[in-house]
Amino acid sequence: FQMVDINESCFVADQLAASQAYVTFMAVKAFLCYLALLLLVWHVKRNGVRWLVHTNTKIVFSSYLVCNFVASAAFGIIYTVDVYRLWLGGPCPLLHYRVVFVLRGVGIIALMSEILCGLVLSLERLYSSCRPVHFEKAASVGLSVVAVVVSLVTSTGVMVVFLVPLSNFSALVPTTNLKTPETAEGYKMMIYFMIGMELASILTFHIGWLVNYCSKPDPDASSSIALLYQIKENAEIISTMLPIEYIHSFFMCAITFGMALYPVIVQSKSPLNMQIFLEVLSMPAHFTLFLVAILEYKLARRRRRLRHCVLSDETSHYFKQLRK
């Protein structure tokens, strides 16, 4: 049986290596991952996280950006390894599954940690919307650090629980996918966990937005200015994070349910066609490009508003507008 499996794996690997279009596509995907790294570094050097104001929010969002950096780097490396072994690997260019597990596993842990950091941010915004005055006074640096560490540990634990017991680390595989016939069930449960956390984050952001929108402090209260400022900050952060969360969850759902619909969409059962279809749907690997684009757009609009406020000598009217 093992010889039959090896022969089948060699057939798939040779088919992938013989497709110049597929190898070129993998090279383009690797380039996009490295481009995302450069753009993310450029964005952070240009903007930092100063626009978030609060230290605890800065810590969580900085961790979110680091997770995106690690994910892009991990996927860029694995695509590079894939291109190298298909171009120069000779006949039957198989990979050790343990190499695939380490490289793609780092990327998936980073993706999952990124999702959980987004959930932490949504809970923080909900708390800020419900108790804005208290949130304004509280730094909660230690709590933010703990939340980030718990996110990382949880992501690693989920992957270990769902995949390690089912994995055959001595196997030779034709693709760089963690999902194999042996790990299929555990992989599916892990992806469902990630999508569930992402949807919970989106729901929490929407609840926070609704609570924040309905907050109407007493104009005569001594804390009304601080309250109004916090409400305004909440609205800006939530409006920035929601499109980010929507796009990321769309990519996750597309790859999950797209592969389930593959037999309906594509009639051919060719391993090459299936792998191309999978890689076309693997947009979470390139999410950092969209993240940088959204952040640049949102922060550019913010800068334009502030510039207009200063140039028009409307600074004195700022808080009057907040009171409306």
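**Aromatic ring pairs**

Modeller: F250 is exposed, with a relative accessibility of 56%, whereas F251 is buried at 8%. Here buried means under 20% relative accessible area, exposed means over 50%, and partly exposed lies in between, with a 1.4 Å probe and protein chains only. The model is predicted, so local features need pLDDT of at least 70 and side-chain atom pairs pLDDT 80 or more, while totals for chains, interfaces and linings use all residues. Residues are numbered from 1 along each chain as its sequence is written, and side-chain values use heavy atoms, leaving out hydrogens and water.

Searching the whole structure gives seven aromatic pairs. One of them joins Y97 and F101, a tilted pair with 6.2 Å centre to centre and 50° between the planes. Rings of Phe, Tyr and Trp (its six-membered ring) pair if their centres lie within 6.5 Å; planes under 30 degrees apart are stacked, over 60 edge-to-face, and the rest tilted. Both Y97 and F101 belong to helix α4 and are four residues apart, about one turn of the helix. A helix is a DSSP run of H or I with at least four residues, numbered from the N terminus. Y97 is buried because its relative accessible area is 2%, and F101 is buried because its relative accessibility is 13%. The F250 and F251 rings also form a tilted pair, because their centres are 6.1 Å apart and their planes lie at 55°. Elsewhere, ring pairs link W51, F61 and Y64 into a cluster.

Key:
Helix = DSSP H or I, 4+ residues; strand = E, 2+ residues; numbered from the N terminus.
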